[in-house]
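Me: I am new to this structure. Can you show me how to read its features?

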Amino acid sequence: MEVADEERPLIHHLPQQNEASQYTSDGTVDINNQPALKQSTGNWRACFMILGAEFTECMAFFAIGKNLVRFLTHELHETNVDAAKNVSTWVGSCFLTPVIGAFLADTYWGRYKTIVIFLLIYTIGMLILTVSASLPLIMVVPSNSGIRRVAAYLGLYLVALGTGGVKPCASALGADQFDATDPVERATKGSFFNWYYFSVNIGSLLSGTVLVWVQEDIGWGVGFAVPMLLMVSGLAVFVAGRKVYRYKKLEGSPLASVFAQVVVAAVRNYRLVLPEDTSVIDNDKQFIRFFDKAAIVAPSTGEKRTSTPTSPCRLCTASQVEELKVLLRMLPVWASMVLFFAATAQMSSTLIEQGAAMDNRVGPFTVPPASLATFDVISVMICIPIYDAVLVPLARRATGKDRGLSQLQRIGVGLALSAAGMAYAAAVEARRLALARAGAPAAVSIMWQAPAFAVLGAGEVFASIGILEFFYDESPDGMKSLGNAFAQLAIAAGSYLNSAVLGAVAAATARGGEPGWIPEDLNEGHLDYFFWMMAALCLVNLIQFAHCSMRYRGKTIC
């Protein structure tokens with residue numbers, strides 16, 4: 001006899017509920033393209049291997065970047081001007097190529113595959129660079145031969161291409177390991193970005209001390225071979241964790257969907273009038289509603305409308321329109337970060353020149369001006385654990401937010417610290433100039449620069465990590481890697497802006513035979529005026545950012 005449906009025991013439904021709770025709810029899958037199990041995939045067990053790969057990549061990147069000028073001048077015998085320009089071009093390329101890697105990851109390959117492919121390219125570049133540095137030792141080749149130069153630059157730009165697939169995808173893949181629908185994992189994701197940036201700075205510290213010493217005292221071949229071998233080991237560990245990672249499913253070409261279709265559809269529908277009731281489309285008071293026209297159905301008659309499908313370049317979904325507007329809303333935040341990175345770029349340019357004009361004797365030691373940048377790294381390494389373990393819990397109690405501070409609040413604190421760092425550097429330079437012109441050159445100890453580096457480092461903990469979180473969370477679901485690439489692009493734009501500002505200041509202040517603000521002999525100039533100008537620009541930038549952040553609304557698409 002059959003049992004009636006209402007008489008069947010309800011206990012049979014419980015295992016299905018328990019089974020469902022074992023899986024992530026954000027759409028991530030495992031390596032077999034099955035729903036990801038929470039207990040055996042993702043979280044910190046996966047992030048450690050991702051952070052390991054990022055750490056070895058940073059070791060290689062900074063081992064090249066921190067001492068590349070000396071390699072080009074001492075080994076390839078380039079002039080100081082040519083070497084400086086070539087280094088700037090290479091660094092700019094390293095922060096432009098992430099757009100390429102992010103596009104491939106979001107559209108075709110996925111983050112994991114993109115990282116593996118680009119790490120292989122990176123490793124090949126490191127191998128070629130190591131061989132170019134070792135050529136005079138392994139065969140009779142002049143140190144400035146064309147073969148060696150071609151090999152060196154081939155290796156450098158393969159490295160620049162390789163880093164473009166790692167930088168935007170590693171942080172995004174790490175964030176993917178935390179279920180955004182789980183309150184506990186969502187809060188932990190904020191800690192991941194902190195420790196991601198911590199691993200980057202550990203790599204920078206070791207490269208700027210240990211590997212630079214190896215290059216100078218043992219040899220360039222060994223100095224490049226060590227990070228190359230570390231990268232091979234990092235790649236092996238990263239691939240070994242493939243069964244533990246959570247993967248996001250690809251959603252097609254985000255650029256074609258968001259930019260091309262919406263913009264083209266809006267232009268083609270420009271004659272249409274927006275309806276009074278646009279509840280389906282987000283009424284955005286911050287931006288013109290022109291793009292809403294992409295989602296308006298053109299008036300038509302009869303059966304033609306139902307029988308003929310509408311072209312995607314004539315009609316887009318409300319979700320596509322909103323995705324484009326999400327990206328547009330983020331532009332003012334991105335622009336604020338450009339000036340922030342122009343300020344932090346002083347740590348590798350004008351602050352080094354300032355340190356060269358100061359007393360660099362500290363007890364029995366002579367401190368190279370570039371070594372003061374270590375205080376930036378130390379500040380980051382100290383501030384991140386304090387922020388994660390102390391400030392976040394305190395802020396969480398005050399604000400009730402999982403992260404403690406919102407991403408925009410965090411970025412705002414970093415922008416304020418950049419203005420404070422520039423103002424402090426200006427005050428130190430004003431004091432140094434006063435003593436120098438009173439007949440006591442180099443009377444100010446170089447250690448007075450340490451607080452400037454430390455404050456700017458603390459600013460990075462707030463702003464640089466905050467912008468990574470912001471772009472990951474706010475970018476449309478199919479553009480997470482591209483969002484992180486745009487954050488990296490702000491660094492390149494900040495470096496180029498710094499170069500442009502320096503050139504403009506030199507041209508404007510060195511007229512009629514005047515030495516200008518930044519002459520060869522800083523005692524004849526006014527570097528303090530330049531620092532005050534940067535502090536003022538940072539303050540204006542902070543005010544503009546505060547205005548934009550108060551008007552900013554988070555994305556509303558699912």
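Here we go through a helix, one of its residues and a cavity.

Reply: Keep in mind that this is a predicted model.

Me: How far apart are the end C-alpha atoms of helix H7, and what span should its 31 residues give?

Reply: Count 1.5 Å a residue.

Me: Where is the kink in H7 centred?

Reply: Look at Cys169. The kink there is about 30°.

Me: Is H7 largely enclosed or largely open?

Reply: Count its buried residues. In H7 they are 23 of the 31, so the rest of the structure largely encloses this helix.

Me: Is Ala152 buried or exposed?

Reply: Buried means under 20% relative accessible area. Ala152 has 1% relative accessibility, so it counts as buried. This residue belongs to helix H7.

Me: Which residues does Ala152 touch, beyond those up to four places away in sequence?

Reply: They are Phe71, Leu76, Leu129 and Ser132. Met126 is 26 residues from Ala152 along the chain, yet their C-alpha atoms are separated by 9.5 Å.

Me: How many cavities of 30 Å³ or more does the structure hold?

Reply: It holds 1. The largest cavity has about 30 Å³ of space.

Me: Which residues line the largest cavity?

Reply: The lining is Ile50, Ala53, Glu54, Ile115, Leu119, Val166, Ala170 and Phe238. Helices H2 (43-65), H6 (111-138) and H7 each give two or more residues. H2 gives the most, with 3. By type, 7 lining residues are nonpolar, none polar and 1 charged.

Note on methods:
Residues numbered from 1 in each chain as written. Predicted model: local features only at pLDDT ≥ 70, side-chain atom pairs only at ≥ 80, totals over all residues. Heavy atoms only, no water. Helix = DSSP H or I, 4+ residues; strand = E, 2+ residues; numbered from the N terminus. Expected span 1.5 Å × (residues − 1). Bend = angle between axes of the 7 residues up to and from the residue. Buried < 20%, exposed > 50% of the residue type's maximum accessible area, 1.4 Å probe, protein only. 1 Å grid on protein atoms, 1.4 Å probe; cavity = no way out; pocket = protein on both sides within 12 Å on 5 of 7 lines; lining within 4 Å. Points joined across faces, edges and corners; volume = space filled by probe spheres on them. Nonpolar A, V, L, I, M, F, W, Y, C, P; charged D, E, K, R; others polar. Contact = heavy atoms within 4.5 Å.
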